[in-house]
Amino acid sequence: MHTQVAIIGAGPAGLLLSQLLDLAGVDCVLLERRDRDYVEGRIRAGVLEQGTVDLLRAAQVADRLEREGLVHDGIELAFEGRRHRIDFADLTPGKAVTVYGQTEVTKDLINARIARGNPPVFEAEDVEVLDFDGERPRVRYRHNGAAKELSCDFIAGCDGFHGVCRASVPQDSLRIFERVYPFAWLGILTRTKPVSDELIYCRHDNGFALFSMRSPQVSRLYLQVRPDEDLNEWPDDRIWEELKLRVGPEAAAALETGPSFEKSVTPMRSFVAEPLRFGRLFLAGDAGHIVPPTGAKGLNLAAADIHYLSEALVAFYKENRQDLLDTYSDKCLRRIWKAERFSWWMTSLMHRFPGRNPFDDRIQLAELMYVADSRTASTALAENYVGLPYE
Ligand code: FAD
Ligand code: DHB
């Protein structure tokens, strides 16, 4: 079988690419290793930049997002008993983010792919990407016990950090930039009313905490923990006590508590592979880069890559243009590095680093106070948080 674009991985990146290509009349096949329930149930990001929302609208999957998404035009920073609001509406000006879970984005995209008659091939096993340095790439996989082979014009590697695509590139053709952080986030979901209408990012001597949400009834809460943290040591009561301590007495008094229905630990890393193109293989999303979650950039960066990649592939097929494919990697990497910098900076600003000394502590607090007290510094945070413009 032949297709124009073989897409590996049905996370947000692969699903969005397949929907955009399909709408533009470009033929594609999307292969996903896991089953549908697994893909739809994976709890991850929650904050969408306006550019991501616009792209989902262009992909005709924004109806529910527009009904149920929560538009936020600010966040709060809590530190030293103080709460400071970063007012996006004033500082950016007029920009906002939308709180809508990655699980919901994924469900909406899968439903749209089914409605258009081209759903992902779930449970595609042992995917191999071949010959992408020549004119006729191939993809081999197993499905329902049978060996399959696809020939294609291009391969889109949207298969996440542990996928097969980046690993198939000759390692001397790749340059890797990486930082692994000495902490992780313990995240829970609870059916409790969010403590505030906006997200609260907390810096505390015990470590970072984040108060986020999925809806007016569901809270998403995170605590900085050790990377090797044993979840058995974190019953819900202990989590709530620690959240209260880190957010400060005023918010703690208003905090509604309840049992968690999801609990997991996410390791933190910064990672960039350069370049993002090898012949006819293009990497997009977590397959090419990872950010620590503090700036809420992972999903948004994946969407930005897909904006550029879909545009380049459609220009190739519809206008016979090669130039956007040629500039894809450089254009994405310029934006990726800015998001890497912001995510690293937000992480450094808000977390407790093991081995830090009293001088490091004072510098961290001075930086937070500078952000809170300087309109210029607040603006720099706000314009990165709401999302830098696409080139
Ligand atoms: P993914 O969502 O990873 O999707 C890749 C897909 O490829 C998966 O469905 C996978 O099953 C499939 N796949 C992998 N290998 C193969 C193969 N060999 N063959 C076929 N299919 C394959 N970002 C935030 O902004 N905020 C957060 O709070 C946040 N929390 C996160 C928590 C966790 C545990 C993780 C891992 C990430 C988190 N992120 C967060 C990052 C964000 O979720 C990702 O940036 C986003 O999912 C990237 O989308 P993607 O489509 O590129 O990759
Ligand atoms: C969420 C995750 C983030 O990493 C973040 O910075 C803000 C919100 C969330 O899951 O709600």
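**Close-up views of a predicted model**

**View 1. A156 and its contacts.** Leaving aside neighbours within four places in sequence, A156 is in contact with V5, I7, I8, G14, L17, F282, A284 and L309. Keep in mind throughout that this is a predicted model.

**View 2. The largest nonpolar core.** This core holds 110 residues, and those touching the most other members are L17, I155, A156 and A284. Helix 10 gives the most to this core, supplying ten residues. Two of the residues named here, L17 and A284, are also contacts of A156 in the opening view.

View 3. You can pick out the buried ones as P12, A13, G14, L15, L16, L17, S18, Q19, L20 and L21. Their cover includes strand 1 (2–8), strand 2 (28–31) and strand 10 (146–157), together with helix 3 (50–58), helix 6 (102–115) and helix 10.

**View 4. The length of helix 1 and what follows.** Just after helix 1 comes G25, with a positive phi of about 85 degrees.

**View 5. The shell around ligand 1.** Here 31 residues lie around ligand 1, and G9, G11, G160, G285 and G298 come nearest. Helix 1 (12–23) and helix 10 (298–319) each supply at least two residues of this shell. Sorted by class, the shell has 15 nonpolar, nine polar and seven charged residues.

Note on methods:
Residues numbered from 1 in each chain as written. Chains lettered and ligands numbered in written order. Predicted model: local features only at pLDDT ≥ 70, side-chain atom pairs only at ≥ 80, totals over all residues. Near = placed C-beta within 6 Å. Helix = DSSP H or I, 4+ residues; strand = E, 2+ residues; numbered from the N terminus. Nonpolar A, V, L, I, M, F, W, Y, C, P; charged D, E, K, R; others polar. Buried ≥ 20, exposed ≤ 12 C-beta atoms within 10 Å, placed from the backbone. Contact = placed C-beta atoms within 7 Å. Core = buried A, V, L, I, M, F, W, Y, C linked by C-beta atoms within 7 Å.
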